[in-house]
Amino acid sequence: MIAVNPDGKIMVRRCLVTLRPFRLFVLGIGFFTLCFLMTSLGGQFSARRLGDAPLTIRTEVMGGPESRGVLRKMSDLLELMVKRMDALARLENGSEPHRGAGHGRLAADRLPPGAGLLERIQAIAQNVSDIAVKVDQILRHSLLLHSGVSEGRRDQCEAPSDPKFPDCAGKVEWMRARWTSDPCYAFFGVDGTECSFLIYLSEVEWFCPPLPWRNKTAARTPPKPLPRAQAVFRSSLSPLLELMGSGKESLIFMKKRTKRLTAQWVMAAQRLARKLGDVRRDQKQILVHIGFLTEESGDVFSPRVLKGGPLGEMVQWADILAALYVLGHSLRVTVSLKELQSNLGVPPGRGNCPLTVPLPFDLIYTDYHGLQQMKQHMGLSFKKYRCRIRVIDTFGTEPAYNHEEYATLHGYRTNWGYWNLNPKQFMTMFPHTPDNSFMGFVSEELNGTEKQAVKGGKAGNMAVVYGKEASIWKGKEKFLAILNKYMEVHGTVYYESQRPPEVPAFVKNHGLLPQPEFQQLLRKAKLFIGFGFPYEGPAPLEAIANGCVFLQARFSPPHSSLNHEFFRGKPTSREVYSQHPYAENFIGKPHVWTVDYNNSEEFEAAIKAIMRTQVDPYLPYEYTCEGMLERIHAYLQHQDFCSAPGPAPPGTHTLQSPFVLAPNATHLEWARNASMAPGAWPPAHSLRAWLAAAGRACTDACLDHGLICEPSFFPFLNSRDAFLKLQVRCDSTESEMNHLYPAFAQPGQECYLQKEPLLFSCAGSSTKYHRLCPCRDFRKGQVALCQGCL
């Protein structure tokens, strides 16, 4: 305790009452702290200690002895002040009963109780300490820059004129005017001086050449990469469930699905391991950022999980996570912007600066929302590392929409396109866009015993309607009435208290069912019927896998961005001829029936025929766990959009053409004696090149021959020689940016070559052009992979 005489008590009490004690204290502590900070940090400036480059500072800031000493002194000082105020508060409280009534009222009005005052003092002390830490960090960055400039080198801080760095002067000019627009520049040491601009633009960004006098500290030999660990198939998914996090209904749904399918994933991994044998598989560091689940993107899906909302995206993401994890790779999962920034190493500020560290991930799986978030917060690092990104894109992105300049000039720009990625970096739910990669998902696979039980337990007159939201049923009374003549109709429409009026009374509505109960319902049903929406969801495949026949509507005219609101704004011109084109084209009858719902007779005849048809449960291999593991393994092993060599310029001639005309003179094949184009994947020997009919897209032209269009083969065909080998005479040859090229035009005998590699496109057609189309074979049940792709 501190000894205080009676006169001192009176004086202190009068000062506190008269000068508003809490404000006086705040003013005093703030002034004293400011003085202390300036004194301590001023000493650091005067030391002029030579520092390292801005990017090497981060580990030193909080560990330096001077910084620790300053904060320790401040902490001790604040603790002493708190103790003295504690004594003063107790002294004040002890003398309170002896005050006069009027005097006491004034003191009570203006002097807070001792306990409350102490809490507020402690909070201020903590805030001051936090501010001191942040100020210390920023000043450390600044000190390093000033230390380099102080050695008589200010005359060397002029923007160099170097033809290898043509943008340097312009960037310096920009920094002079805008360096305060984002705090990240100050974080990296920019302080408004010419030297700080040049250091930043040469060492953090790469627009200016390195300063010669900075080479000793700034230029360091990059560390030798450590040997990669090998990926080993995993047999337990419990750690993955922890990685996925919690707190959102969407995540709960995904974790339940992963847990339910664990046994199938493990068995599939064992089969694939036997198939691959001793293939070496490097373990990859992978970040999975599910952008549509972040609060910043609105997360409209999570609140609707339990209300009949779409689940297709969550099904796919759950299966992607499971496949990557079972394959043995190292995963990080983020569903918030804060987590994303932390994992990427985003500096503080508004996102204009590069990352503080090299990207620690080999691959990043995200969606369009996550792609936008990364672009906003990675600065120039986004352009540097975007080749490592894989975008999960349900409906696909065609090259014409992906190329920013071309999309803007030719009317293909939408809210979701113009990213200038390799189109194969977009990964779809179904294999409808060969310009993209087919990612897919899995459906639960029945074993032999379950298949027999399903066949024996089918109700021959039971139909389940595809549609959990009441709006899907609106206006479908006519179809339902016809269906009800032959079958017992069941629904799974969500409702809270009252039955939805859109659902007729004769329909047995089960409400929204958990996935296991929905599967049991499908195992009893004969028919699963769609009413045109939703498009391309997972439910029809689940129904077919459980022994149902799927009946869907044929669209005439086909739905597209030109005539249907749902597709408007999506980066694709694809025409959809039915609710589920994959089921129609890759499965077909007897499992899938596609009819004109506007023709009541055709609709009724289809129902009668289906009731007479017997089908077994069927699931395409590519939608099994093993099929998805096989496909993703192939992508991880072979897809490399960062180091792949660019295609040869249009019209480049080689000493010997790798193509020969097929014996029937209809198409080109890769010559047996030609080299195998090292690094090409799929392997070049699977190439078959056809000249499509006028107005025919390459996607369709290849399908006409039982093949798949392969856009990675376009560079091999982008030459006049390919036309000549097909016995097409070119009176003239031009190279332009056009997503339909290479192509041949009549009349005029004109041949057109592609000038921009990002515009090679299987999609697109014009009656003016015969497109030159690269096709390949594919593995049975695995359309994404050629026969030699594993």
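Reply: Helices (H or I, at least four residues) and strands (E, at least two) are DSSP runs, numbered from the N terminus. This is a predicted model, in which local features need pLDDT of at least 70 and side-chain atom pairs count only at pLDDT 80 or more, while totals for chains, interfaces and linings use all residues. Residues are numbered from 1 along each chain as its sequence is written, and side-chain values use heavy atoms, with hydrogens and water left out.

Me: Why is the contact of Glu 173 with Arg 176 called a salt bridge?

Reply: A salt bridge is a side-chain nitrogen of Lys or Arg within 4 Å of a carboxyl oxygen of Asp or Glu. The closest N and O atoms of Glu 173 and Arg 176 are 2.4 Å apart, and the pair forms a salt bridge.

Me: What makes Glu 173 and Arg 176 about one helical turn apart?

Reply: They are separated by about one helical turn because they are three residues apart in helix H7 (residues 168-178).

Me: The side chains of Glu 295 and Lys 248 also meet in a salt bridge, at 2.8 Å from N to O. Why is Lys 248 called buried?

Reply: Buried means under 20% relative accessible area, exposed over 50%, and partly exposed in between (1.4 Å probe, protein chains only). Lys 248 has 12% relative accessibility and therefore counts as buried. Glu 295, with a relative accessible area of 59%, is exposed.

Me: How many salt bridges does a search of the whole structure find?

Reply: The search finds 23 salt bridges.
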